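Grab a pencil and work through these exercises with the structure open beside you. Try each task before you read its solution.

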Amino acid sequence: MKKSIEFYTCLIEERLSRERFAHSVNTAEMCRELAFVNGYEPEKAELAGILHDICKEDDESDLKELAFSKFLEKAGIGLDPLEKEDKLWHAPAGAVYLRETLEVNDMEILSAVRFHSVGRAKMTKLEKILYLGDLVERGRDYPDVEKYRELALTDLDLGMYEAFKWAINDCLKKKYRVCRNTYEGYNYYLKKIMQRKA
Ligand SMILES: [Fe+2]
Ligand SMILES: [Fe+2]
């Protein structure tokens, strides 16, 4: 039986700290707004938003077990080499947890949760909505957040291009490696934006 958004919201409140629960609620609201302006189902986007960080506070060993599940590989959304090494597991683990424990079987929601932290090329509309909703929800206060929020609300592809640029720059500054999904996403949306101008 399909469960209500209230059911999932209570569950997330129990699983996460107060701050991360507030972030999840804000992300759900932002996803709903982004869905509304982009002709996508607001309820589904809201659900992806409330659920996206479901595993964020779990133990590393649990995350690893979930993230390395064969289900993701079989579905063609497995981990890239750096995701395996660098413990970028809460997003893929979240997708597997949702499917195995909460019986969420909607692949659009599962892949949006799986890619919400690293992104990828050729993202679905819900993947873009969740990635950007997470980044620009109204509780965020990093410099230029309003600019990124405005961009996300106006143009999802341009929003993704700017988001990838920001994420890669951040990796460079911190001397982190950039995972394959992220640089492939940057290349893909850069090309898409440049083709518009041609
Ligand atoms: Fe996350
Ligand atoms: Fe998040």
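**Exercise 1.** Work out whether Lys-122 is buried or exposed.

*Solution.* Start with the rule: a residue is buried if 20 or more other C-beta atoms (placed from the backbone) lie within 10 Å of its own, exposed if 12 or fewer, and partly exposed in between. Now count: Lys-122 has 10 other C-beta atoms within 10 Å, so it's exposed. Next, find its place, which is the loop between H8 and H9. (Helices are DSSP runs of H or I with at least four residues, and strands are runs of E with at least two, numbered from the N terminus.) Last, check the backbone: Lys-122 isn't a glycine, yet its phi is positive, about 50°.

Before you go on: this is a predicted model, where local features need pLDDT of at least 70, side-chain atom pairs count only at pLDDT 80 or more, and totals for chains, interfaces and linings use all residues. Residues are numbered from 1 along each chain as its sequence is written, while chains are lettered from A and ligands numbered from 1 in the order in which they are written.

**Exercise 2.** Find which residues of helix H4 are buried, and what they pack against.

*Solution.* Look along H4 (residues 60-67): Leu-63, Leu-66 and Ala-67 are buried. They're on the same side of H4 because they cover an arc of only 95° around the axis (the arc of the directions from the helix axis to the C-beta atoms). Now see what they face: the buried residues of H4 pack against helix H7 (90-102). Packing here rests on contacts, meaning C-beta atoms, placed from the backbone, within 7 Å.

Technical notes. Two residues are in contact if their C-beta atoms, placed from the backbone, lie within 7 Å.
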